Amino acid sequence: MDKRQFVKGGFDAIASRYDLANRLLSFGADALWRRKAVGRLGERPLVLDLCAGTLPLSAAYLRRFRARVVALDFSLRMLRVGLKRRTRGGLLPLCGDALRLPFPEGTFSGAMMAFGLRNLSEPWQGLKELYRVLAPGAKAVILEFGRPRLPLFRQIYHLYLAHFIPWAGGLITGNSGLHAYLYRSIVSFPSKEEILRQMEQVGFQGLRALDLTLGVCVLYEGVKP
Ligand SMILES: C[S@@+](CC[C@H](N)C(=O)[O-])C[C@H]1O[C@@H](n2cnc3c(N)ncnc32)[C@H](O)[C@@H]1O
């Protein structure tokens, strides 16, 4: 099975338990990371939430700012679960492919993506598409898992990811395969420096990468000049 099918099938299958698994396995830190991303993006009238899943990032954005948020994901089941969230209005969910966005160049004044980049079958194509649909001056904020460097913490974290998460995640969602993939995808994904280099190559400026929770999560940001 190719990555695209594996990822789509996996998220379709665990959609109803995705939020619970995230909350428990991250000890609630996922909500703090998303809140941080929302704050870094700031208030913008038309925002794209790429790989929006069950819409936690869109909902966090709309709780803080009045805006229109287009939330795109290729898993209809993830989006459906997300639609049960309460939002103040302004949410436009859309089932579609992040690698072929159905929007003209320069559409959005901001974009955000949480834990989507690593799941794309072609991450750099995803970055290019993201860049293409931003208007000049628009900002992008991306959250992705990182690889902590602090020696003891790094070892404990790796054990946690490689052994505890597949087991506990499997109990919560019934799909230990997808949780085991999480570990493989994190350790094999390009480094923070490489991601910043790719963002620069795509055209982003004002690049920054902020470590959150000792580097378990990294917040990348860039602006389209
Ligand atoms: C780990 S979830 C992240 C969901 C949400 N952003 C969050 O913060 O929890 C990754 C999401 O990426 C979506 N995804 C992966 N590849 C995609 C693609 N090519 N187009 C659209 N969505 C994609 C999956 O369906 C899944 O919902």
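The following dialogue examines how several terms apply to this predicted model.

Tutor: Residues are numbered from 1 along each chain as its sequence is written. Because the model is predicted, local features need pLDDT of at least 70 and side-chain atom pairs count only at pLDDT 80 or more, whereas totals for chains, interfaces and linings use all residues.

Student: Why is Leu212 called partly exposed?

Tutor: A residue is buried if 20 or more other C-beta atoms, placed from the backbone, lie within 10 Å of its own, exposed if 12 or fewer, and partly exposed in between. Leu212 has 16 C-beta neighbours inside 10 Å, so Leu212 counts as partly exposed. Of the 225 residues of the chain, 39% count as buried.

Student: What is Leu212 in contact with, leaving aside its neighbours within four places in sequence?

Tutor: Two residues are in contact if their C-beta atoms, placed from the backbone, lie within 7 Å. By that rule Leu212 is in contact with Trp33, Lys36, Cys217, Val218 and Leu219. Leu212 itself belongs to strand 6.

Student: What makes strand 6 an edge strand of the sheet?

Tutor: Strands (E, at least two residues) and helices (H or I, at least four) are DSSP runs, numbered from the N terminus. Two strands pair if DSSP finds at least two bridges between them. The open sheet has 7 strands in the order 3-2-1-4-5-7-6, with mixed pairing. Strand 3 (91-95) and strand 6 (205-212) each have a single partner strand, so one side of each is left without a neighbour in the sheet.

Student: How do you know that strand 5 and strand 7 pair?

Tutor: The rule asks for at least two bridges, and 7 bridges join strand 5 (residues 134-145) to strand 7 (residues 217-223). These two strands run antiparallel. One of the bridges joins Lys139 to Val223 in strand 7.

Student: Why is the radius of gyration of the chain said to agree with a compact globule?

Tutor: The radius is taken over C-alpha atoms, and the globule rule is 2.2 Å times the number of residues to the power 0.38. For 225 residues the rule gives a value near 17 Å; the chain has 16 Å, which agrees.

Student: How do the residues of the shell around the ligand divide into nonpolar, polar and charged?

Tutor: Ala, Val, Leu, Ile, Met, Phe, Trp, Tyr, Cys and Pro count as nonpolar, Asp, Glu, Lys and Arg as charged, and the others, Gly among them, as polar. The shell accordingly divides into 13 nonpolar, 4 polar and 3 charged residues. Helix 1 gives the most to this shell, with 3 residues.
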